[in-house]
Amino acid sequence: MKAHKITTQEELQKAFDIRVKVFVEEQKVPAEEELDQFDHLDGECQHVLITNHDGQAVGTGRVRLVEGVGKIQRVAILEEYRKHGLGRIIIQALEDIAKELGAAKVKLDGQVQAQGFYEKLGYHVASDIFLDAGIEHVLMIKDV
């Protein structure tokens with residue numbers, strides 16, 4: 001499976017559906033906090049989507065440049081597709097986009113429960129634990 005850049009409103013809606021299921025329904029993030037001003041095709045963010053062998057959208061993420069650094073956000077995978085390496089594929093696609101945009105570093109606010117996953121991908125913790133939408137996070141950074 002491969003992540004690809006989202007280029008249509010239909011694909012973007014599939015990404016939103018995944019994010020709502022993962023963040024709003026599973027993790028109880030308020031819906032008004034999940035979708036924001038960066039969630040459109042012609043904005044600052046590049047969004048990616050990953051599909052299964054049947055063409056069903058199963059994972060997503062986005063990246064945008066913030067002061068020359070790629071900021072990875074909203075990485076979400078449907079529960080039944082986790083633990084199959086899809087997160088690594090999504091992160092790699094987002095890092096590649098950040099490099100194309102000229103970033104030498106990427107950063108993300110990783111949930112503490114996913115910290116080990118990001119460390120395996122080369123990220124290191126650069127902050128104390130903080131709350132975002134009531135969930136513990138840490139800032140993590142990586143050179144690309």
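## Salt bridges in a predicted model

The side chains of Glu 100 and Lys 5 join in a salt bridge, with N and O 3.2 Å apart. Glu 100 belongs to helix H3 (residues 86–100) and Lys 5 to strand E1 (residues 3–5), so this pair ties together parts that lie 95 residues apart in sequence. The structure is a predicted model, and every value here is computed from it.

How exposed are the two partners? Glu 100 has a relative accessibility of 59%, so it counts as exposed. Lys 5 has 37% and counts as partly exposed. The cut-offs explain the labels: exposed means over 50%, buried means under 20%, and partly exposed lies in between.

### More pairs

How many salt bridges does a search of the whole structure find? The count is twelve. Side chains of opposite charge can pair when their charged atoms come close.

| Pair | Closest N to O |
|---|---|
| Asp 36 and Arg 74 | 3.1 Å |
| Arg 62 and Asp 39 | 2.7 Å |

Take Asp 36 and Arg 74, whose closest N and O atoms are 3.1 Å apart. Asp 36 sits in the loop between helix H2 (31–34) and strand E2 (46–51), while Arg 74 is part of strand E4 (residues 69–77), so the bridge ties together parts 38 residues apart in sequence. Asp 36 has 24% relative accessibility, so it is partly exposed. Arg 74 has 18%, so it counts as buried.

Now take Arg 62 and Asp 39, with a closest N to O distance of 2.7 Å. Arg 62 lies in strand E3 (residues 57–66) and Asp 39 in the loop between H2 and E2, so the pair ties together parts 23 residues apart in sequence. Are these two residues buried or exposed? Arg 62 is buried, and Asp 39 is buried too.

Some of these residues belong to a wider group. Arg 19, Glu 34, Asp 36, Asp 39, Arg 62 and Arg 74 are linked in a network of salt bridges.

### The chain as a whole

The protein chain has four helices and eight strands. Along the sequence, their order is β-α-α-β-β-β-α-β-α-β-β-β.

How does the overall size fit? A compact globule of 144 residues would have a radius of gyration near 15 Å; the protein chain has 14 Å, which agrees. Its C-alpha atoms fill a box of roughly 40 × 35 × 30 Å along the principal axes. Of the 144 residues, 43% count as buried.

Contacts across the sequence can be counted as well. Among contacts with a separation of 6 or more, 58% involve residues 24 or more positions apart.

The accessible surface comes to about 7800 Å². Carbon and sulfur atoms account for 49% of that surface.

### One more residue in H3

Helix H3 also contains Gln 92. Gln 92 has a relative accessible area of 37%, so it is partly exposed. Where does Gln 13 lie relative to Gln 92? The two are 79 residues apart in sequence and 22 Å apart in space, C-alpha to C-alpha.

Key. Residues are numbered from 1 along each chain as its sequence is written. This is a predicted model: local features need pLDDT of at least 70, side-chain atom pairs count only at pLDDT 80 or more; totals for chains, interfaces and linings use all residues. Side-chain values use heavy atoms; hydrogens and water are left out. A salt bridge is a side-chain nitrogen of Lys or Arg within 4 Å of a carboxyl oxygen of Asp or Glu. Helices (H or I, at least four residues) and strands (E, at least two) are DSSP runs, numbered from the N terminus. Buried means under 20% relative accessible area, exposed over 50%, partly exposed in between (1.4 Å probe, protein chains only). The radius of gyration is taken over C-alpha atoms; the globule rule is 2.2 Å times the number of residues to the power 0.38. Contact means heavy atoms within 4.5 Å. Accessible areas come from the Shrake-Rupley method with a 1.4 Å probe; for residues, only the protein chains shown count as cover.
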